[in-house]
Amino acid sequence: MTILTIIIGALLGVLLGFLLPTIPYTASKYLAIAIVAALDSVFGGIASNIKKNFDLKVFISGFFVNAIIAMILTYLGQRLNVDIYLAAIIVFVGRMFNNLGIIRRYYLNKISQKFNKKSEK
Amino acid sequence: MTIKRDKETIILSVIVGIISLLLVGSMFIQFRAVDKSEESNLEGLREDELKTQIATYKSRYEETMEQYETNRNTISEYISTIAENKEATDLLDKELNESSMLLGLTDVEGEGVIITLRDTEEAIYSADDLLMLVNELKYAGAEAISINDNRIINLTDIISINNSFIVINSDARISSPFTVKAIGDKAYLMSTLNLKNSGFVDLMRINNLEVEVEASDNVQINKYSKPMNAEIMKEVQ
């Protein structure tokens, strides 16, 4: 069910992305950082799901608030002439790799366990 | 794989779906924005790209300026050459015009005298009389002379044929009344012609011929219109 809605949502998103008008280049910077933040939240969500401490509220709030705060920080950085968005990207991408590592190890364990079972039989 | 249909799972699925929709949608919007920005030049470029672009333009600008400078120098050279040529041409033109004027190849005007000669019942004008008049006019400084609108040039002949008619410039037959126009210092011309007893006017009047001399500020003399060829003579090298 969840996977199904994810696929449907993704397809609709592709459609939406092509139908909606393109945004100006200056705004695309903010959207980019928001996307990175959102991706970070998604990977965080998956990782926490694996760790069995997934909380929907935390996930949703993280998804939106992180994106918005990242955008605000980018704007602030632009006003201050400091590339704050670089820091945000480093943090988000670093966390993304962390979470990806957790996910990877989980599935590796799963697969190796399956192999072990097969070989035991 | 069984599909769970309890309330919690549905809510979770819907929310996750919406989130994936938002995420993928915004990603694709961004992809398009980036793609488009690559197409539409300068405005969409990143800072370092802009820097290289500016550097390229600057070097190109410098090259063009150099080229421009060279071209401008060449052009100014050409212009000065043209000016020099023009000067030479102008000088030649001026010389040519002067020569033509002196040779009698141009219409001329200026102060001078108009002399009208008429045959009378007692006597008629001969070619010799006309020659004498022309000679006197030349002596008095006339620069251009014509008889009945036949320009007198350095090669002009005035001859009488069988004492019956006068030919000027080899083929123009002229007869009384003769209108002789001369351009020159009118006072000098008048005084030379009107010399007592030995002047042309008195000499003719003694011979019962009619002479009228009239000074004018604007005498117009036509050009010599026949072709001039040098067939036999050659320039000495």
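**Briefing: a B-chain hairpin, its core and the A–B contact**

Strands E2(B) and E3(B) make a hairpin with two residues between them, and B:Asn148 in the turn has a positive phi of about 45°. This is a predicted model, so keep that in mind while you look around.

**Around strand E2(B)**

- E2(B) and E3(B), the latter covering residues 150–152 of chain B, run antiparallel and are joined by three bridges.
- In that pairing, B:Ile145 sits opposite B:Ile152 of E3(B).
- E2(B) also runs antiparallel to E7(B), with four bridges joining the two.
- Here B:Ala144 is the residue facing B:Ile183 in E7(B).
- Neither face of E2(B) is left uncovered: B:Ala144 and B:Ser146 are buried on one side, and B:Ile145 and B:Ile147 are buried on the other.

**The nonpolar cores**

- The largest nonpolar core has 28 residues, and the members touching the most others are B:Ala142, B:Ile145, B:Val180, B:Ala182 and B:Ile183.
- Chain B elements giving two or more residues to this core include strands E1 (108–118), E2 (144–147) and E7 (178–183), as well as helices H3 (127–139) and H4 (186–193).
- E1(B) supplies the largest share of this core, at four residues.
- Skip the neighbours within four places in sequence, and B:Val180 is in contact with B:Ile115, B:Leu117, B:Leu133, B:Ile145 and B:Ile147.
- Another core, of 23 residues, lies apart from that one; among its members are A:Ala34, A:Phe92, B:Val16 and B:Val24.

**Helix H3(A)**

- H3(A) spans residues 56–80, which is 25 residues, and reaches 35 Å from its first C-alpha to its last, close to the 36 Å expected at 1.5 Å a residue.
- Its buried residues are A:Phe59, A:Phe63, A:Asn66, A:Ala67, A:Ala70, A:Met71 and A:Thr74.
- As a reminder, an α-helix has 3.6 residues a turn, so residues three or four places apart point the same way.
- After H3(A) comes A:Asn81, with a positive phi near 60°.

**Where chain A meets chain B**

- The contact draws 27 residues from chain A and 28 residues from chain B.
- On the chain A side, the elements giving two or more residues are helices H1 (2–19), H2 (25–50) and H3.
- H1(A) gives the most to that side, with 12 residues.
- By type, the chain A side splits into 20 nonpolar residues, seven polar and no charged.

Conventions
Residues numbered from 1 in each chain as written. Chains lettered and ligands numbered in written order. Predicted model: local features only at pLDDT ≥ 70, side-chain atom pairs only at ≥ 80, totals over all residues. Core = buried A, V, L, I, M, F, W, Y, C linked by C-beta atoms within 7 Å. Buried ≥ 20, exposed ≤ 12 C-beta atoms within 10 Å, placed from the backbone. Contact = placed C-beta atoms within 7 Å. Pairing = 2+ DSSP bridges. Expected span 1.5 Å × (residues − 1). Nonpolar A, V, L, I, M, F, W, Y, C, P; charged D, E, K, R; others polar.
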